[in-house]
Amino acid sequence: ASPLRDVYKRQLMSRFDLSERQSQAILDMRLRRLTGLERDKIQNEYNDLLALIADLADILVKPERVVAIIKDEMDEIKRKYADPRRTELMVGEVLSLEDEDLIEEENVLITLSNKGYIKRLDQDEFRAQKRGGRGVQGTGVNDDDFVKDLVSTSTHDVVLFFTNQGRVYRLKGYEIPEYGRTAKGLPVVNLLKLTEGETIQTIIGLNQKEINEKSLFFTTRQGVVKRTSISEFANIRQNGLRALNLKEGDELINVLLTTGHDDIIIGTQFGYSVRFREEVVRNMGRGATGVKGITLRDGDQVIGASVITDDQEVLVITEKGYGKRTLASEYPTKGRGGKGIKTANITSKNGPLAGLVTVNGHEDIMIMTDTGVIIRTGISNISQTGRSTIGVKVMRLDENAKIVTLALIETEENDEEEKEKEVNEES
């Protein structure tokens with residue numbers, strides 16, 4: 001007889017002492033749910049809930065029941081899923097996708113400035129020029145900074161960083177950030193954990209074959225040399241590894257990859273060189289100091305070392321931009337530790353030697369000045385002369401500029417040569 005829904009809900013609550021939720025549940029029932037049969041179902045459900053509550057409360061107060069339930073559930077899982085293994089376990093190398101697999105392998109240049117800025121460049125940004133060209137700006141530097149090291153390598157190769165204190169650090173080529181030609185780069189201390197007063201002196205790139213088969217040959221500023229197996233540097237910690245023990249006042253200036261049976265040539269700033277068999281330097285551990293490779297004259301110092309064979313040529317570049325190629329046969333193999341023979345005639349015109357490397361005659365060379373200018377030219381553009389000459393002008397330098405380092409890279413045809421080749425093919 002209630003005229004409104006809310007009225008009869010309040011009457012149920014007051015007459016039967018029900019809560020609002022209980023009253024609403026009754027009102028939501030269909031008429032058939034009020035029969036005796038449906039009432040018995042509700043009563044049974046209520047009794048089952050009370051029994052479940054009592055059982056759960058009993059489990060909470062009895063830890064042994066918890067263990068028994070877990071055991072029963074595990075037995076049930078075993079019964080359902082204890083079928084033979086469906087996946088195959090591989091024995092041996094497991095192939096996985098690493099970050100390196102997603103990075104394209106390409107030839108790059110790694111440059112390091114005197115102030116410690118490093119970057120990665122695409123080699124295609126530099127085209128070969130004729131001898132005597134002005135070059136292009138290879139990196140952006142401040143007035144008090146200059147590029148001191150350049151290495152040709154691959155993005156997938158290992159790059160080892162040897163410091164003036166005789167320590168070695170390791171990165172992959174792609175881990176070095178890439179910048180444009182005129183960018184300054186990233187401070188190397190952001191990539192390597194260098195100690196106070198430690199600077200990168202030499203950078204070399206290693207591919208997997210070289211890591212497994214070759215040795216490292218160290219040369220110091222004071223003419224000390226050492227040979228060590230690359231396996232000694234298999235595990236390089238993030239804070240570096242001791243590569244050799246340096247004498248007081250000495251520093252590491254060069255590291256070479258060798259087979260253990262090569263000839264080595266060492267050049268000095270005053271224009272002298274010595275050539276000797278690598279075997280005369282025994283294989284030593286990382287902590288060794290090394291032995292004397294060349295006896296220096298007063299005030300002289302080592303500026304370069306390289307592996308040499310009789311079918312190669314020795315290329316020297318002076319600080320004032322002069323260079324020359326000399327047949328390796330003009331450099332006799334002698335014992336280590338001597339004062340050496342003349343490799344260039346040093347005058348005020350060409351200046352002291354800035355670098356010495358061995359070449360096959362078909363490479364390109366990158367030459368860098370302390371003002372950041374880089375020139376790329378073919379080795380064949382540099383004249384071949386005897387040991388006691390000053391050479392030819394390889395690069396015209398700005399006033400007060402001087403060459404500080406050089407690096408060999410794979411040869412490249414210039415645009416004029418390519419056009420000439422196309423015309424010849426068409427005719």
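Is Asp 75 buried, partly exposed or exposed? Asp 75 counts as partly exposed, at 39% relative accessibility. Buried means under 20% relative accessible area, exposed over 50%, and partly exposed in between, with a 1.4 Å probe and protein chains only.

This is a predicted model, in which local features need pLDDT of at least 70 and side-chain atom pairs count only at pLDDT 80 or more, while totals for chains, interfaces and linings use all residues. Residues are numbered from 1 along each chain as its sequence is written, and side-chain values use heavy atoms, with hydrogens and water left out.

## Helix α4

Asp 75 has a salt-bridge partner. The side chains of Asp 75 and Lys 71 meet at 3.3 Å, N to O. A salt bridge is a side-chain nitrogen of Lys or Arg within 4 Å of a carboxyl oxygen of Asp or Glu. Side chains of opposite charge can pair when their charged atoms come close. Asp 75 and Lys 71 are four residues apart in helix α4, so about one helical turn separates them. Helices (H or I, at least four residues) and strands (E, at least two) are DSSP runs, numbered from the N terminus. Lys 71 is exposed, with a relative accessible area of 52%.

Met 74 also lies in helix α4, which covers residues 63–81. Met 74 belongs to a nonpolar surface patch with Val 66, Ile 70, Ile 77 and Tyr 81. Together they have about 500 Å² of accessible area. Patches are made of residues with over 30% relative accessible area and no salt bridge; like charges are joined within 9 Å, and nonpolar side chains (Val, Leu, Ile, Met, Phe, Trp, Tyr) within 5 Å. Accessible areas come from the Shrake-Rupley method with a 1.4 Å probe; for residues, only the protein chains shown count as cover.

Two strands pair if DSSP finds at least two bridges between them. Strands β5 (residues 158–163) and β6 (residues 167–172) are joined by five bridges. Phe 161 has Tyr 169 in β6 as its bridge partner.

Another open sheet of four strands runs in the order β20-β17-β18-β23, and its pairing is antiparallel. Its edge strands are β20 (353–359) and β23 (392–393), each pairing on one side only. Five bridges connect β17 (residues 313–318) and β18 (residues 322–327). Val 316 is partnered by Lys 324 in β18.

## Aromatic rings

How many aromatic pairs does a search of the whole structure find? It finds three. Rings of Phe, Tyr and Trp (its six-membered ring) pair if their centres lie within 6.5 Å; planes under 30 degrees apart count as stacked, over 60 as edge-to-face and the rest as tilted.

Phe 162 and Phe 218 have ring centres 5.7 Å apart and planes at 80°, so this pair is edge-to-face. Phe 162 sits in strand β5 and Phe 218 in strand β9, 56 residues apart. Phe 162 is buried at 0% relative accessible area. Phe 218 is buried at 0% too.

Phe 218 also pairs with Phe 233 in a tilted arrangement, 6.2 Å centre to centre with 45° between the planes. Phe 233 lies in the loop between β10 (224–229) and β11, so the pair ties together parts 15 residues apart in sequence. Phe 233 is buried, with 3% relative accessible area. Ring pairs link Phe 162, Phe 218 and Phe 233 into a cluster.

Strand β9 (residues 215–220) also holds Ser 215. Ser 215 is buried, at 11% relative accessibility. Leaving out residues up to four places away in sequence, Ser 215 touches several residues, including Arg 227, Ile 230 and Leu 256. Contact means heavy atoms within 4.5 Å.

The whole structure holds 17 salt bridges. Two of them are tabled here.

| Pair | N to O distance |
|---|---|
| Arg 286 and Glu 232 | 3.9 Å |
| Arg 277 and Asp 263 | 2.6 Å |

Arg 277 lies in strand β14 and Asp 263 in strand β13 (residues 263–268), so their pair ties together parts 14 residues apart in sequence. Arg 277 is partly exposed at 34% relative accessible area, whereas Asp 263 is buried at 6%. Salt bridges with shared partners join Asp 263, Arg 275, Arg 277, Glu 279 and Asp 310 into one network.
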